[in-house]
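Please look over the model shown here before reading on. The report then takes up selected features one by one.

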Amino acid sequence: MEIFIFIVIIVVFAIAGMVKVVPQAHAYVIESLGTYKTTWGAGINFKLPFIDKVAQKISLKEQVVDFAPQPVITKDNVTMRIDTVVFFQITDPKLFAYGVEKPIMAIENLTATTLRNIIGDMELDQTLTSRETINTKMRATLDEATDPWGIKVNRVELKNIIPPAAIQDAMEKQMKAERERREQILIAEGEKKSAILRAEGQKESLILSAEAEKQSAILKAEAAREATIKKAEGEAEAIRTVQRAHAEGIRFLNESAPDKSVLTLKSLEAFQKAADGKATKIIIPSEIASIAGLASSVTEIIETSKEKSE
């Protein structure tokens, strides 16, 4: 009975050992009697007890490796230290398991040598300003070199570029001088713009003042012209009024058919107005003179009659 129970336990453990569950995004490399047999994907898998074994468990996720800074020499003989970050993914578990011993170390060494080759063809200033170019060249080289290992290099990034202390000090001084130069340029530009704005403001002020004087002179001339026109119109209207009055008087006389005595009286009135002037000599027509004599005689007769009656 005990032997039977022992056999059952062994069978249970054997069956349990035959069943393997592979997690998602993982792969198991299976060997049979020391040789490669197959690669298990995610899910339930079965193997022969004591014959098949899981040689290597491999993650298929994208992995990130941060390598320590590597010393490199530029084309102009400047030694600096650069550390890189490599993003890679295992695409073929069999090649990864049997392609190279210690793949991560192989990638690190390959990264260091590739970086030295690329930086060796570049000067210091070009190295500091060409990160994207360096990243692209390294990714292409590493991806091609690691393809037989079942590895795909997705990205390579330069994390830090550390030049020597003397170079850093010189760069800081250069940057400080450049910032001071830009500051002086900005100050000069500001003063220039301020002077231009002040000059333009004075110019606009003079233009506006001249324009105002011009408008004032035009308005004054317009006002004087309007006043002259109104005065002339008033005088013309006065003359027309006087002429209309004379015309009305003449028309009235013509319509009333005056006799000779009325005309004589009007002539005397006109003569009286003429005599009121300052002229020293007045030429009197003979007709008016005879009328004047007649008027004088009549006046004397009237005055004599008044004295007798008194």
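## Basis and overall make-up

This is a predicted model, in which local features need pLDDT of at least 70 and side-chain atom pairs count only at pLDDT 80 or more, while totals for chains, interfaces and linings use all residues. Residues are numbered from 1 along each chain as its sequence is written, and side-chain values use heavy atoms, with hydrogens and water left out.

The chain has 8 helices and 9 strands, where helices (H or I, at least four residues) and strands (E, at least two) are DSSP runs numbered from the N terminus. Of its 310 residues, 19% count as buried, a class that means under 20% relative accessible area, with exposed set at over 50% and partly exposed in between (1.4 Å probe, protein chains only). The accessible surface comes to about 22500 Å², of which 60% belongs to carbon and sulfur atoms; such areas come from the Shrake-Rupley method with a 1.4 Å probe, and for residues only the protein chains shown count as cover. Among contacts with a separation of 6 or more, 62% are accounted for by residues 24 or more positions apart, contact meaning heavy atoms within 4.5 Å.

## Strand β2 and its partners

Strand β2 is mostly covered, with 6 of its 7 residues buried. It is joined by 7 bridges to strand β5 (residues 52-59), the two running antiparallel, and in that pairing Tyr28 stands opposite Lys57. Strands are taken as paired if DSSP finds at least two bridges between them.

Strand β3 (residues 35-40) also runs antiparallel to β2, through 5 bridges, and here Ile30 has Thr38 as its bridge partner. β2 and β3 form a hairpin with 2 residues between them, and Leu33 in the turn has a positive phi of about 55°.

## Two loop residues with positive phi

Most residues other than glycine have a negative phi. Ala25, which is not a glycine, has a positive phi of about 65°, and its place is in the loop between β1 (19-22) and β2 (26-32). Ala25 counts as partly exposed, at 25% relative accessibility.

Asn77 likewise has a positive phi of about 65° without being a glycine, and is found in the loop between β7 (70-73) and β8 (79-90). With a relative accessible area of 66%, Asn77 is exposed.

## Thr146 in helix α5

Thr146 belongs to helix α5 (residues 131-146) and is buried, with a relative accessible area of 0%. Leaving aside neighbours within four places in sequence, Thr146 is in contact with Ile107, Leu110, Ile151 and Val153.

## The largest pocket

About 180 Å³ of space lies in the largest pocket. On a 1 Å grid over the protein atoms alone, a pocket is an open set of points where a 1.4 Å probe fits, with protein on both sides within 12 Å along at least five of seven lines; grid points are joined across faces, edges and corners, and the volume is the space filled by probe spheres set on them.

The lining, meaning residues with an atom within 4 Å of a point, consists of Leu124, Asp125, Leu128, Thr129, Ile167, Ala170, Met171, Gln174 and Met175. The elements that give two or more residues to this lining are α4 (124-129) and α6 (165-256), and the largest share, 5 residues, comes from α6.
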